[in-house]
Amino acid sequence: MGTGITIENVEPGSIAAELEIEAGDRLLAINGHPVRDIIDFGYYSGEEELLLEIEKTDGDIWEIEVLQEEGESLGILFESPRPLRCSNSCLFCFVDQLPKGLRNSLYVKDEDYRLSFLYGNFVTLSSLRREELLRICEQRLSPLYISVHATDPDVRAMLLGNQACTPILELLKELASAGISMHTQVVLCPGLNDGLQLERTVRDLAALFPQVASLAVVPLGLSRYRDSLPELQPVTCDYASEFLALWQPRAHDLAKQLGSPFLFFADEFYLKAKKPFPPLADYGDLPQIENGVGMVPLFLDEAEHVLAAAEPMKKGVVAIVTGKSPYSYLESFLQGLAEKTGVTFRIFSVNNSLFGDSVTVTGLVPGKDILEMGKREVFAEAELVVIPDVMLKEGEEVFIDDVAIDDLRNVLGMKVEVCVATPSGLYDSLKRCFPR
Ligand code: SF4
């Protein structure tokens, strides 16, 4: 890892701007400590007196002394770390199952403990070097999000397709004794890491509670692009149903024993099994919501509040587009919302032609499928088409297959609104579009 990080932006009027630090300059060191990335910056920049070593764009080196008041920020924004690449070949890796022709960033297999700390990305730590482990402990990069899959070293190596991976349990114990908090996951592959293997994994990880603060079991995702990949068993409706029947009571007992919810199952299990979700309180502080654990219970809870406060609106017909899996609970929320607001809803769940029918989540719906629906005039009756923001690339109005929202507007020739994919996000969009 090279030394120095490029300054992406300087806030006008900030300390950095006054010191004539500019975008494009590189921060090399703080108080003599080389700065490798944004984490080093955060770690070393908390002192009151700072000596910044800056490399200007013309190659000049400046040394700048700064006296910071408590809580004051220098006003510098940095580039994000360039992700380190993973050295695994996981049997279930979704990147390997992507069709050709998507944007390049989707094919990147990153495995970077820094991104785990900064953004909650899951990492296997399979090739973590000693100095990186020491850095995690010294700088207290906590919590980390760790893909365990199995604590049995042979089973884990088989799942990761990496015989050289570091034994995970020893690593977790070392992190735990350094006070690092960890959220863990198992991607469940029927016949490979379920049954006795899962029992062992749960037992081993629960023994490291509270440092291992949670364990989420999520079903493997299989797209239709697996021709040259190992054959894997899907998590079917029956499998999900039997799995929950066996494991829900165990998770309950474990929560009692540990005094805190610990073992969670991805929402997809409940949706596949068509089983009711546990109450929201059973998800604690939702430590794995970004991993699809507790999103639906949170949605249902928020939906109740939104419905209780919803008011009548101007009449209109709205088309809501969604993936197949949220259809049922979205439908019941929209029925209630229609009664309270007077707005008529039509829900359209999309069969995913890009990844195949088994991929039902909203976030992977391709724009092309919605365009095709528009061409068949399925939205003709509606005045407005609502697209949940999770279908789009973060911060951009582009679907996974690079179809833009504007393409949709042009082809449909009608109003298309992007809404935050929550009950209140939808309600706020409606209020804007159908004011009383
Ligand atoms: S760790 Fe496994 S699942 Fe993640 S990117 Fe690498 S090969 Fe794919």
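# Briefing on helices, strands and single residues

Helix α10 covers residues 295-309, and at 1.5 Å a residue its 15 residues should span 21 Å, which agrees with the 21 Å that separates its end C-alpha atoms. The structure is a predicted model.

- An α-helix has 3.6 residues a turn, so residues that are three or four places apart point the same way.
- The buried residues of α10 are V296, P297, F299, A303 and V306, and among the elements that cover them are α9 (267-273), α11 (327-341) and α14 (423-433).
- Two packed helices are described by the angle between their axes and by the distance between those axes.
- For α10 and α14 the packing angle is about 35°, and the axes are 8 Å apart.
- On the side of α10 this contact is made by F299, E302, A303, V306 and A309, while α14 contributes P423, S424 and Y427.

- Strand β13, which consists of residues 384-388, is mostly covered, since 5 of its 5 residues are buried.
- In a regular strand the side chains alternate between the two faces of the sheet.
- In β13, L384, V386 and P388 point one way, whereas V385 and I387 point the other way, and all of these residues are buried.
- Strands of a sheet pair through backbone hydrogen bonds, and they do so either in parallel or in antiparallel fashion.
- Strand β11 (residues 317-322) pairs with β13 in the parallel sense over 3 bridges, and here I320 stands opposite V386 of β13.
- Strand β14 (residues 415-419) also pairs with β13 in the parallel sense, over 5 bridges, and V418 of β14 is the bridge partner of I387.
- Between β13 and β14 the chain passes through helix α13 (residues 405-412), and this β-α-β crossover is right-handed.

**The sheet β7-β8-β9-β10**

- An open sheet is formed by 4 strands in the order β7-β8-β9-β10, with parallel pairing.
- The edges are taken by β7 (144-147) and β10 (263-265), each of which has a single partner strand, so one side of each is left without a neighbour in the sheet.
- On average, neighbouring strands of this sheet are turned by 25° against each other, direction ignored.
- Strand β7 and strand β8 (residues 182-188) run parallel and are joined by 4 bridges, and I146 stands opposite T184 in β8.
- Helix α8 (residues 237-258) packs on the sheet, where it touches β8, β9 (212-219) and β10, and its direction makes about 155° with that of β10.

- Apart from its neighbours within four places in sequence, T184 is in contact with F122, I146, V148, L205, V212, S214, L215, A216 and Q288.
- P34 has its place in strand β3 (residues 33-34), and with a relative accessible area of 46% P34 is partly exposed.
- When residues up to four places away in sequence are not counted, P34 touches T3, L28, A29, D40 and Y44.
- P34 and E53 are 19 residues apart along the chain, and their C-alpha atoms are separated by 9.0 Å.

**Backbone details in loops**

- Most residues other than glycine have a negative phi, and most peptide bonds are trans.
- The peptide bond from S142 to P143 is cis, with omega near 5°, and P143 is found in the loop between α4 (130-138) and β7.
- A cis peptide bond also leads from F209 to P210, with omega near 10°, and P210 lies in the loop between α7 (195-206) and β9.
- L125 is not a glycine but has a positive phi of about 60°; L125 lies in the loop between α3 (113-119) and α4, and is buried with a relative accessible area of 2%.
- E377, which is not a glycine either, has a positive phi of about 60°; E377 lies in the loop between α12 (367-375) and β13, and at 58% relative accessibility E377 counts as exposed.

Terms used: Residues numbered from 1 in each chain as written. Predicted model: local features only at pLDDT ≥ 70, side-chain atom pairs only at ≥ 80, totals over all residues. Heavy atoms only, no water. Helix = DSSP H or I, 4+ residues; strand = E, 2+ residues; numbered from the N terminus. Expected span 1.5 Å × (residues − 1). Buried < 20%, exposed > 50% of the residue type's maximum accessible area, 1.4 Å probe, protein only. Contact = heavy atoms within 4.5 Å. Pairing = 2+ DSSP bridges. Right-handed = clockwise from strand over helix to strand, strands pointing away. Axes fitted to C-alpha atoms, helices over the stretch in contact; angles between N-to-C directions.
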